[in-house]
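Subject: Structure handover

Hello,

Here is the structure I promised, with my notes below it. Please have it open while you read.

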Amino acid sequence: MNAQRPAAPAEALPDDLPFERAMEQLEEIVRRLERGDVPLDESVAIYERGEALKRHCEALLKRAEARIQTIAIGPDGRAAGTAPLDID
């Protein structure tokens, strides 16, 4: 059996964890769970960590979407400024 890293506890994630790093950690958790060779207790712990990472990534994406603006087109077809992105 391969040596496994200890389970990452489901503690709160740091607010400054970059999106890309959080996604890397989440992808690694998915790979480990998909392999199916992780003990049950560890599977539960890393699944919980994955849930926290997912929520963190969703919050970062929501913040990014709120900052994105669209270019408003005037009646003449030219750019007339910017407006908040309507994602709904």
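Glu 58 and Lys 54 both sit in helix α2, four residues apart, which is about one turn of the helix. They form a salt bridge, and their closest N and O atoms are 3.1 Å apart. Keep in mind that this is a predicted model. Glu 58 is partly exposed, at 43% relative accessibility. Lys 54 is also partly exposed, at 35%.

How many salt bridges are there by this rule? The count comes to five. Two others are worth a look.

One is in helix α1. Glu 24 and Arg 21 both lie there, three residues apart, about one turn of the helix. The closest N and O atoms of this salt bridge are 3.2 Å apart. Glu 24 has a relative accessible area of 43%, so it is partly exposed. Arg 21 is partly exposed too, with 41%.

The other joins Asp 37 to Arg 35, with the closest N and O atoms 3.5 Å apart. Asp 37 counts as partly exposed, at 28% relative accessibility. Arg 35 is partly exposed at 46%. As a general point, side chains of opposite charge can pair when their charged atoms come close.

Now the helices. Helix α2 covers residues 40-67, 28 residues in total. From its first C-alpha to its last it reaches 41 Å. That is close to the 40 Å expected at 1.5 Å a residue.

Is Gln 25 buried or exposed? Gln 25, in helix α1, has a relative accessible area of 17%. The cut-off for buried is under 20%, so Gln 25 is buried. Leaving aside neighbours within four places in sequence, Gln 25 is in contact with Leu 17, Arg 49 and Leu 53.

Ser 43 is in helix α2. Ser 43 is buried because its relative accessible area, 17%, falls under the 20% cut-off. Not counting residues up to four places away in sequence, Ser 43 touches Leu 33 and Val 38.

Last, the strands. Strand β1 covers residues 69-73, and five bridges join it to β2. The two strands run antiparallel. Which residue of β2 is the bridge partner of Ile 71? It is Thr 82. β1 and β2 form a hairpin, with five residues between them. Gly 77 is in the turn and has a positive phi of about 85°.

How many of the six residues of β2 are buried? The count is zero. Strand β2, residues 79-84, is hardly covered. For the side chains, the general rule is that they alternate between the two faces of the sheet in a regular strand.

To trace all this on screen, start with the pair Glu 58 and Lys 54 in α2. Then go to Gln 25 and its contacts Leu 17, Arg 49 and Leu 53. Finish at the hairpin of β1 and β2, with Gly 77 in the turn.

Best wishes

Technical notes. Residues are numbered from 1 along each chain as its sequence is written. This is a predicted model: local features need pLDDT of at least 70, side-chain atom pairs count only at pLDDT 80 or more; totals for chains, interfaces and linings use all residues. Side-chain values use heavy atoms; hydrogens and water are left out. The expected span of a helix is 1.5 Å times one less than its number of residues. Buried means under 20% relative accessible area, exposed over 50%, partly exposed in between (1.4 Å probe, protein chains only). Two strands pair if DSSP finds at least two bridges between them. Contact means heavy atoms within 4.5 Å. A salt bridge is a side-chain nitrogen of Lys or Arg within 4 Å of a carboxyl oxygen of Asp or Glu.
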